[in-house]
Amino acid sequence: MSFEKEPFNQISPSEFFYRNRDLAGFSNPTRSIYTSIRELVENSLDACDQNGILPNIFINITSVNQQQSDPKYYILTVSDNGPGVDPKHVPLAFGTVLYGSKFGLKQARGMFGLGATMAILYGQITTNTPVHVNSSIDGRNQHEYEMLLDIQKNKPIIIKHVVNKTKKKGLAISICLEGDYSKAGSKIRDYIYQTSLITPYASIKFHDPKGNKYKYDKITKSIPRPPTITKPHPYGIDVETLRRLISETSYKIPNLNKNILEKINKELKMHNDDHRNSNDGKIMKAIKKRWSYLSTQTKIILAIMSCLKLNFDQAMQIKVDDIDIMNNTLTYLDYNKSKSFTIKLDRSNFYYKYLANEVKGDSLSIFLTKQFQRVGRHTAEKFAEFAQFKPEKRIMMMTNQELVHLSDSLQKFTDFLSPDPSCLAPLGENLLRQGIKKFFNPDFIFVIQRKASAYSGFPFIVELGVAYGGSIKGTKLYRFANRIPLLYDESSDVVFKIINDIDWNRYKIKNDSPLIIVSHICSTRIPYKTVGKENVADRNEIERELKLALQFLARKLSSYMSKKGKAAMEKKRVDLYFTYIPLISKFCTELSNNLQEPNYKKIFNEIN
Amino acid sequence: MRYKETKKNKLLYDLLKNHGVKIYEDLDNGVFPKFLIPSRSTRNIIYDRKLRQYVLGNSASIRNSKNISQLRSFTQLTWLAFFANRLIKEKKSSTLRDIYYSSQAFSIDFEDQPESDNIIVDLESVLSRPREDLHIFPEERSSVFGDLVIEYTVPGYEGKRTNLSDHPDGYLIGPSLSSAELIETSADLVIAIEKGGLFTRFVEEQVDKKFKSIIIDTAGQAPRSTRYLLRRLHEELNLPVVILTDGDVYGEHIAMVIKSGSANAAHLRELTVPDAKWIGVWASDIEKYKLPTIPMTESDIKRIHDLKKDPRYQQGIWKNELDVFLKIKRKAELEAFSKYGLTNITDKYLPQKLEMAKSL
């Protein structure tokens, strides 16, 4: 065995996705054109939702060469009336991979805003054509960019950037890509149809390359409440996230600069001149007097200055690297001397004590209440007892092992409140009902939104609608997750499983009834079974909510059916009288030797 | 004589009309019309010792046109009365199957013939009249032969007379014969015989002349028209009736039905000949005449046990012969006499049994 050195090269995220593009749904021309549309449309809808704008989306696909056969080059354009993207962010947003605004914890269609760039990347590698992005955030100036992605460097190459006049806000992206519309067409049309069903407040127009035009107008002007960003829930946390939370939120040793100095002066009610005119003792007096009113940042800086016996000018020349509590030492870099110094500090010093206290970080119970949603002091203390930590245990003083134990215990503790659903944006019963009514024109319709629940720390809400009769033919299930239609792989989806588990005979519903079931699962993280985002995995908590919702609707439907059955019976009953009584009348007239029939109409009054 | 038949029709006609008037008035008054139908359930079938036949008890059910589940059959029943009324008026007859099909011309749909047959029995119950009076006949036909002059009343034949000994195959007992007037006869006796083969033999052997009799082929269980004719021969012409059947439990019961009716027809009168006599073949004859026999089947034996519970089989030859059948567990057909020559039955057996019958 040889120990030849393997060259390890870093690759850019663009390159990673270029090499693994089938992961993101760009495996072949049929899927790619479909996925591209999805990503762009979902980006537009998300942007509009978050800004409370009723979306107008226009999707246009034209083929570059009509005569050519599929797969061939298509120009795909998706434009919206959303807020647009700030022109200075456009090159980064659409010219690099992993530049997105969706890292917070809230419900959105896309997770990281990766998709649009992926579509652009795919277009570029199949047709070697730049992407066109038109964005206007003010409704006056429209910035038009034409650019390519430098895949290896993960950087945009701007070919053209002009500013045009416009009257409308919004974003339009135009990609030239290789696709197979003849194969992907029905899937794309299904996607657009179902998207407009679950987004009844959006108008969506679609012109396909064959000259067909599809138009779905908004059927309501009420937009569901946009989701808010929330803190994480303890159940959804792992060690790595925990570590990030701690480092993100713990104190930072600030470096003194002019800006900070101004703030300090303000807090101390001093001027720069005062520093020179006053002796140190006077300043220290002032500091001590106002100590409890000062900000943490100021206190830390003043404490360091005091420990190192520095004045403000000197303090601006150093950078504190580390404070070692165990050994009572402080290490700093002196810019002037370009050298590191480690100084032993006096443990009994008031300012050192303060500094040490800050370094140790928050106590466990304060950390929990500050950093997690729906954790109060009481819960935090109960948790500490459960995890066998002292509630006042300092978070920065935890060893690696203790952090692992903390993370494990957070998953196991059962007394946390369920996650805050305010980060979710369900459609709402009203909108769902309106959508179903418009699309299927049924005789019966009932919808339910279950209250929020959670699986592994991720909140979710199940919305379900059932429609029966009217223009409906046959039984069909429409599945949605975070307002995205799930089109394929129905049979392995959790909703499908629940529907099949129910004994429909019990609810007087026969096979192949004219029945539509619409399911919508909202969550900050939908547990998809596969990367293709086509089916939701069967988590117990989700199953339970779906089942309860479906049973509720089935009961409603069943009582509707029996009412309908009774009405039909009643009608049949009355019909029977109308059929037979005249016959009886006719027969008895001849039988009784009468010439005129009896006035039997009176009898019908008694029936009704 | 002619008056009798006409009067009967008039009575029936009035009966139907009365029902029609009742329904008509109910409808006119805004009331749902209803029929009272005597119940034909087994619990309501009682043996009447005085009448010597099965009759229906007092329980009856109401067929109300207001009740949605009875509306259809009520209409069917009304239609049937209406249709029978037409049949009688126009002097036409109809078979059970005809009824089933005729209904369709009046938007009355019977699901199948059993349903229409059932409605016919309903009407019989309501009117206490056999369907034959309503000019409705089954397909089954039996025959009659002998010196009997009849006068037809059916349209086209009114007043025409026939002697029932004119045709050696006998005359079908059909609607026209059933409604004919019985004019005159030289016979002193009616012999009802279960089997067509023996009926032909009896005609060939001139049993009609030798025993001054009218011979009737019942063709198994006697149809109602045949029973009706037997009764009329007995009632109107004062002729005694004797019955000759196979020597088994079914034969014995054929005789009993002629004599005292069936449970199925408990709602009807005038179909029985209470004085009729079963003269053979008895179980005891099997040994006495050393007839060739066939072993009884299980269902034969079960039938004996069933009949032993019947009040009419509790005494006399009826009880005795059942017991003997049960003892020997064998049966013999009328043809069994052929072992001793084809005419053995008419030359030997019949005279002996007729002689014996006088003492029954």
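Buried residues make up 37% of the 608 residues in chain A of this predicted model. The secondary structure of chain A comprises 19 helices and 17 strands. Among its contacts with a separation of 6 or more, 71% link residues 24 or more positions apart. Chain B has 360 residues, and 43% of them count as buried. Its secondary structure amounts to 13 helices and 17 strands. In chain B, 72% of the contacts between residues at least 6 apart in sequence join residues at least 24 apart.

Confidence was examined next. The model as a whole scores ipTM 0.76 and pTM 0.58. Chain A has an average pLDDT of 85, with 93% of the residues scoring at least 70. One stretch of chain A, residues 100-104, stays under 50. The model still gives this stretch 11 contacts beyond four places in sequence. Where pLDDT is low, the predicted coordinates should not be read in detail. For chain B the mean pLDDT is 89, and 98% of the residues reach 70 or more. Within chain B, confidence is lowest in helix H1 (residues 2-28), at a mean of 83. Confidence in chain B is highest in strand S14 (residues 241-244), at 96.

The two chains touch. The contact takes 21 residues from chain A and 24 residues from chain B. On the side of chain A that touches chain B, two or more residues each come from helix H18 (540-591) and helix H19 (601-607) of chain A. H18(A) gives the most to this side, with 12 residues. By type, the side of chain A that touches chain B divides into 11 nonpolar, six polar and four charged residues.

Nonpolar cores come next. In soluble globular proteins, nonpolar side chains tend to be buried together. The largest nonpolar core has 114 residues. A:Ile37, A:Ile173 and A:Phe460 touch the most other members of this core. Leaving out residues up to four places away in sequence, A:Ile37 touches A:Ile59, A:Leu76, A:Ile188 and A:Tyr191.

One sheet of chain B illustrates strand pairing. This open sheet has three strands in the order S9-S8-S11, with antiparallel pairing. Strand S9 (161-163) and strand S11 (181-185) of chain B are the edge strands, and each pairs on one side only. From one strand to the next, the twist averages 25°. Strand S8 (residues 148-151) of chain B pairs with S9(B) in the antiparallel sense over three bridges. In one of these pairings, B:Ile150 has B:Thr162 of S9(B) as its bridge partner.

In chain A, a cis peptide bond joins A:Asp70 and A:Pro71, with omega about -5°. A:Pro71 sits in the loop between strand S1 (56-63) and strand S2 (72-79) of chain A. In chain B, the peptide bond from B:Gly280 to B:Val281 is also cis, with omega near 0°. B:Val281 belongs to the loop between strand S15 (277-280) and helix H10 (283-288) of chain B.

A:Asn154 is not a glycine, yet its phi is positive, at about 55°. This residue lies in the loop between strand S4 (141-150) and strand S5 (155-165) of chain A. A:Asn154 counts as partly exposed because 19 other C-beta atoms lie within 10 Å, whereas a buried residue needs 20 or more. B:His135, also a residue other than glycine, has a positive phi near 65°. Its place is in the loop between helix H4 (113-127) and strand S6 (136-137) of chain B. B:His135 has 23 C-beta neighbours inside 10 Å, so B:His135 counts as buried.

A:Ser222 is partly exposed because 13 other C-beta atoms lie within 10 Å. Neighbours within four places in sequence aside, A:Ser222 is in contact with A:Tyr201 and A:Leu431. A:Asn430 is 208 residues away from A:Ser222 along the chain, but their C-alpha atoms are separated by 9.6 Å.

Note on methods. Residues numbered from 1 in each chain as written. Chains lettered and ligands numbered in written order. Predicted model: local features only at pLDDT ≥ 70, side-chain atom pairs only at ≥ 80, totals over all residues. Pairing = 2+ DSSP bridges. Helix = DSSP H or I, 4+ residues; strand = E, 2+ residues; numbered from the N terminus. Axes fitted to C-alpha atoms, helices over the stretch in contact; angles between N-to-C directions. Buried ≥ 20, exposed ≤ 12 C-beta atoms within 10 Å, placed from the backbone. Contact = placed C-beta atoms within 7 Å. Nonpolar A, V, L, I, M, F, W, Y, C, P; charged D, E, K, R; others polar. pLDDT = per-residue confidence, 0-100. Core = buried A, V, L, I, M, F, W, Y, C linked by C-beta atoms within 7 Å.
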